[in-house]
Amino acid sequence: MIIDYLELKNFLSHSDSRIEFSPGINVIVGPNGAGKSSLMDGIRFALHGITDRGDLSDLVMHGKNDLSARLGFRLNDRTYEIFRSVTVMKGGNTKSEAEIRTNGMTEATGTKSVNSFVQKIMGINSDTFYSSIFVRQGEIDQLVSQRPADRKKLFSSIIGIDELERISFLIKEMHSAIKGSQEKYFVDPETLESKITEYSSMEEEKNEKTESIKIYVKRRDELSLQLKNAQKEKDDLNQKFFEYKSSRNSLDQKKKESDALKEEIEKLQRQEGSFFEIRERYERLAQDPLYTNRDVIRQISMDLKILEEKKESMKNLAKRAHKAKELKEEVEQLLPFHKEFVALTEEKVRLEEYLAARKKFSEDYRAQLRTLEREMSILEKIKTERENLQRSLPSDIVSIEVTKLQNITDELNGEIQEMKREIGVNQGAIPALESRLKEIVEKETMLKGRNSCPICGTPLTPEHLSEVLHDYDLEISKYENEKKRCIGRASELQMKMKVVSEKLSILNSQNVKRYFKLASEILEKEPLIQELRNTVEKQRFLYDEYEKYEKLHQDLQGKIQSLGEKDDEYRSRKFMYEEYEKQDLENELKKMDSTIEELESACRKSMDELKMDEKTIKDAPARIAEILKNLKELEPRMEKIAEVEKDISTVRAKIAMLDSEVESLKNKVEALKDIPDKIDAFQKELEELQERERENSSELQKAELMVETVQNSMVKLRSEIDLLNERQDRHKKIENALKKLWNIKRSFDKDGIQSYIRRESSEAITEKTRRLASEFGLDIDDVRISEDFDVDVSVEGNVRSLSSLSGGEKTALAIALRLAVADYILSRISLFVLDEPTTFLDEDRRGQLKNILQNSLRDISIVPQLIVITHHQELTKAADTIFSIRKSHGVSIIEAS
């Protein structure tokens with residue numbers, strides 16, 4: 001994980017702060033209370049939405065009611081941005097919002113969803129994350145300065161063993177609690193056995209009563225069957241009695257209906273005698289010759305009308321034949337104009353096909369011509385702008401080739417980085433030289449005026465003393481010269497770096513970038529324009545030919561348009577003439593004449609057969625209409641006569657049917673006259689059966705009640721037995737669970753998984769610490785971390801205690817241990833944070849810390865990104881990026897330098 005930037009608004013003392021971190025060593029320096037550690041609180045809040053300062057509302061700047069934090073970082077080749085905010089509502093409640101984006105796309109919103117997503121991409125929880133890569137104030141050398149017991153406790157906390165201890169303790173407490181609750185499920189075996197025996201006795205009694213119930217049920221079923229059959233027989237008798245009564249009633253009713261119908265038929269016969277005169281008149285009209293031949297007369301009348309219409313049509317056909325002759329003459333006169341129009345039209349079609357086939361070419365040519373003109377205009381503007389910029393730039397910049405600009409810029413950047421590194425090396429060597437000079441001067445001062453060694457007490461001769469002082473002077477001169485050389489070299493490199501930086505600044509200026517961008521565009525556009533010119537020149541001849549044929553097409557179109565009216569007139573006259581020709585008017589005239597003769601002959605023949613002349617035929621329709629009118633007036637009376645005759649026939653048929661039914665009913669009544677006596681005798685037998693059935697039902701109910709009583713007692717007893725069995729099973733299950741729980745507890749103990757983690761972690765941390773100690777340049781042969789997290793170091797083959805190490809060695813070893821632990825937990829360290837690492841460190845140990853940062857941890861293969869928060873300025877000498885932080889009127893201000 002590499003942090004790119006952090007933005008804080010209204011967060012503790014940060015009103016509106018943004019800090020952009022870079023790979024390498026980032027040092028945040030400032031006095032105590034300036035708001036340095038608040039940045040780490042901001043990272044903690046942005047990543048996981050948590051704080052160790054109390055409630056989230058405690059993070060809101062005094063006098064404000066909301067805060068926000070935005071964190072940008074990279075992880076596994078992806079870019080992430082987290083945004084979180086907190087609003088303090090009325091009443092003191094807080095409202096939190098959160099969002100995380102991956103490569104600009106929203107992945108999750110809401111506090112819980114964002115927290116889950118962060119843990120998913122990091123693969124560890126927040127506690128492990130902070131305990132591994134964050135070193136808080138005063139903790140930098142805890143792993144080597146603490147008592148062994150405290151060191152073991154700290155190690156266990158960092159790698160999670162104390163959590164296993166806590167789980168083991170919780171399981172032990174759970175075991176004790178379950179053990180205490182087990183006793184309430186104990187069951188006395190004798191009590192359970194007594195209940196089972198009692199239940200068996202009840203079951204035997206129930207079985208005996210059940211057998212007696214079966215006997216009563218069988219008897220009940222037999223009686224029920226007898227009653228059912230008896231009831232059916234009774235129903236049959238009742239049905240026959242009903243038929244007897246119904247037949248007697250029907251017999252009386254049918255006699256009455258027959259008498260009434262006989263009276264009705266006498267009335268209808270009297271009415272029938274008055275219809276003779278009406279029937280005679282109707283038949284006379286219906287037999288009139290005009291009425292009987294009305295269809296033939298109607299057909300003759302229609303044929304006479306058709307004959308007149310055909311004669312009129314004959315005259316019209318003669319006129320149309322004359323018109324057809326006139327149209328033929330007009331068509332012959334217009335034919336030459338039509339032929340010329342067709343020829344020109346065909347020529348136009350051929351031209352249009354030619355033009356259509358080359359239209360795309362013409363459009364492409366015009367488009368290329370427009371593109372050429374546009375590109376030439378753009379190129380002219382670019383050249384003008386470049387010439388204007390060229391006048392304001394140095395000649396050595398203008399002379400650089402476009403293709404070599406990036407190489408030159410890269411070379412200058414490389415020179416600056418190399419000079420920075422060499423300046424850092426020289427500046428880093430100066431404190432060591434000064435320290436050595438101070439030590440030699442102190443030794444020289446101690447020797448002057450003495451005749452014996454101040455350390456071992458060995459006597460010193462004047463010659464020996466002079467020789468030693470001379471050696472000290474030479475050594476002092478050597479270190480002073482080396483110091484001057486380092487200072488001079490650093491100053492020389494800074495001057496040179498300033499010149500290179502100024503040149504690089506000019507190359508990176510907007511005008512220079514714009515100048516070379518324009519030059520690149522000119523190089524790109526000139527070949528393109530030349531290619532467009534060549535293409536346009538090659539296609540110009542074909543385009544000119546296309547233009548010529550297009551003009552010819554326009555001329556043809558004008559001629560065709562002038563001939564169009566004559567052609568339309570020709571087509572119209574020809575169409576009309578062809579329509580007349582289709583009708584074959586001469587044949588039509590002959591056919592029409594033949595049809596007229598046939599109609600005249602048919603009409604004469606029909607009139608001769610009827611012995612009627614044409615006048616009679618023409619007058620006949622009026623007389624036929626009068627006959628039809630009289631017949632229509634008589635039709636209602638004729639219909640009444642038919643209805644009366646029909647009614648007489650219907651009544652006679654009903655009388656015959658009723659007489660037959662009366663005879664049948666008389667026979668049925670005679671056959672059923674003894675049914676009432678049979679019903680009375682059968683009723684007594686049915687009552688005896690019903691009494692026997694009631695007695696059996698009473699006995700059955702008593703037996704069922706006794707069985708139900710025993711059954712209820714058995715259910716209650718069975719429930720008690722089941723409850724006892726359930727408690728007994730529960731007791732056994734708890735016993736088995738306690739055994740399993742105790743085994744789980746043992747697996748979490750120090751001899752279980754803890755032992756494996758200690759062994760595995762101690763080996764991995766030892767290996768990483770050895771490598772880091774070697775890279776830090778520690779003067780020790782070996783270092784080893786035991787399974788109990790004791791730290792042993794070997795110097796010149798001898799095991800030494802941690803207390804025998806110098807302060808600087810302790811600090812270096814502590815950092816190596818911290819990085820080794822973080823590497824073990826995270827598999828690979830990408831970020832490491834030191835919060836006030838110099839707290840409780842003396843000057844010598846602060847110097848050692850600075851040297852480690854400057855000479856070892858600058859190697860990004862160890863820690864790609866290191867963030868150091870300090871109030872000691874000397875640590876800035878080891879930084880790649882420095883941020884100064886101060887307070888103004890209670891608000892933190894960050895400045896990059």
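**Helix H3**

I looked up which residues of H3 are buried, and they are Ser126, Phe129, Tyr130, Ser131, Ser132 and Ile133. Buried means under 20% relative accessible area, exposed over 50%, and partly exposed in between (1.4 Å probe, protein chains only). Helix H3 spans residues 126-133 and is mostly covered, with 6 of its 8 residues buried. Helices (H or I, at least four residues) and strands (E, at least two) are DSSP runs, numbered from the N terminus.

The model is predicted: local features need pLDDT of at least 70, side-chain atom pairs count only at pLDDT 80 or more, and totals for chains, interfaces and linings use all residues. Residues are numbered from 1 along each chain as its sequence is written, and side-chain values use heavy atoms, with hydrogens and water left out.

I then checked Arg44 against Tyr130. Their C-alpha atoms are separated by 8.4 Å, although the two residues are 86 apart along the chain. Arg44 sits in helix H1 (residues 36-48) and counts as buried because its relative accessibility is 13%.

**Asp567**

Next I looked up Asp567, which is in helix H14 (residues 510-583). Asp567 is buried, since its relative accessible area is 1%. I found a polar contact of 2.7 Å between the side chains of Asp567 and His338. A polar contact is a pair of N or O atoms within 3.5 Å; within protein, one must be able to donate a hydrogen and the other to accept it, and residues adjacent in sequence count only if both atoms are side-chain atoms.

Asp567 also forms a salt bridge with Arg571, with the closest N and O atoms 2.6 Å apart. A salt bridge is a side-chain nitrogen of Lys or Arg within 4 Å of a carboxyl oxygen of Asp or Glu. Both residues lie in helix H14, 4 residues apart, about one turn of the helix. Arg571 is partly exposed, at 42% relative accessible area.

**Other salt bridges**

How many salt bridges does the structure hold? I noted 26.

- Lys517 pairs with Glu521 at 2.6 Å between the closest N and O atoms. They are separated by about one helical turn, because they are 4 residues apart in helix H14. Lys517 is partly exposed at 43%.
- Asp364 and Lys360 meet in a salt bridge of 2.9 Å, N to O. They are 4 residues apart in helix H10 (residues 294-391), so about one helical turn separates them. Asp364 is partly exposed at 32%, whereas Lys360 is exposed at 52%.
- Glu7, Arg18, Glu20, Arg70 and Glu81 are linked in a network of salt bridges.

**Ser17**

I checked strand E2 (residues 14-20), where Ser17 is found. Ser17 is buried, with a relative accessible area of 8%, and its side chain makes a polar contact of 2.8 Å with the side chain of His14.

**Positive phi**

Most residues other than glycine have a negative phi. I noted Asn103, whose phi is near 50°, a positive value. Asn103 is in the loop between strand E6 (94-102) and strand E7 (105-109) and is exposed at 53%. I also noted His889, with a positive phi near 55°. His889 lies in the loop between strand E14 (881-888) and strand E15 (891-896), and is exposed at 82%.
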